[in-house]
Amino acid sequence: MDALLVLAARGRLDAELLGGELARLIQRDSVKPGRLADAARTAAGTGAYRTVLSFLVPVLPALLARERAPRGLSDLLAVAAECAERCGPPKTGPVPGLAETAARGGTTQLVRQAIRLETACRAGTG
């Protein structure tokens, strides 16, 4: 995470590219969503909320689109929600698939964190 924070501080982090690559690695089971959430939470703990949110947002749509949510997705949503609550909504706009996940209803952590992230994104835009 140190290298990520240094790149971001120097304005050299391509968050969209990083997020896309992380999504592909998760698809191949090379990266576990829960471990990514732990690393992202650590980076956010340094105050890098906007940076963390910027690379998590591109990861989320592919995971939200899965028929069965992967283990750790609720943790990723929780980190993204915390970041959005602290720094405002993603600059890229709404997260594809988030509203549908939030609208599922129920009390699972996945739905609760999707609602939390969606609420944080809406609060920052209006």
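This section describes the overall fold of the protein, one of its helices, and several single residues.

The structure is a predicted model. The protein contains eight helices and zero strands. Read from the N terminus, the order of elements is therefore α-α-α-α-α-α-α-α. The radius of gyration is 13 Å, close to the 14 Å that the globule rule gives for 126 residues, so the protein is as compact as a globular protein of that length. Along the principal axes, the C-alpha trace spans about 40 × 35 × 20 Å. Of the 126 residues, 42% are buried.

Helix α3 was examined along its length and around its axis. The helix comprises residues 33-44, which is 12 residues. From the first C-alpha to the last, α3 reaches 16 Å, close to the 16 Å expected at 1.5 Å a residue. Pro33, Leu36, Ala37, Ala40, Ala43 and Ala44 are the buried residues named in this helix. These residues lie on the same side of α3, because they cover an arc of only 125° around the axis. An α-helix has 3.6 residues a turn, so residues three or four places apart point the same way. On the other side of α3, Arg35 and Thr42 are exposed. The cover over the buried residues of α3 includes α1 (2-9), α2 (15-27), α4 (49-56) and α6 (73-87).

The loop between α2 and α3 holds Asp29. This residue is not a glycine, yet Asp29 has a positive phi of about 60°. The relative accessible area of Asp29 is 55%, and the residue is exposed because this value is over 50%.

Thr51 is found in helix α4. Its relative accessibility is 16%, so Thr51 counts as buried, the cut-off being under 20%. With neighbours within four places in sequence left aside, Thr51 is in contact with Leu4, Ala8 and Leu13. Ala114 belongs to helix α8, which covers residues 109-123. With a relative accessible area of 0%, Ala114 is buried. Leaving aside neighbours within four places in sequence, the contacts of Ala114 are with Leu77, Leu98, Thr101 and Ala102. Gly88 is 26 residues from Ala114 along the chain, and the C-alpha atoms of these two residues are separated by 16 Å.

Cys83 is buried, at 0% relative accessibility. Cys121 is also buried, with a relative accessible area of 13%.

Conventions. Residues numbered from 1 in each chain as written. Predicted model: local features only at pLDDT ≥ 70, side-chain atom pairs only at ≥ 80, totals over all residues. Heavy atoms only, no water. Helix = DSSP H or I, 4+ residues; strand = E, 2+ residues; numbered from the N terminus. Expected span 1.5 Å × (residues − 1). Buried < 20%, exposed > 50% of the residue type's maximum accessible area, 1.4 Å probe, protein only. Arc of directions from axis to C-beta. Contact = heavy atoms within 4.5 Å. Rg over C-alpha atoms; globule rule 2.2 N^0.38 Å.
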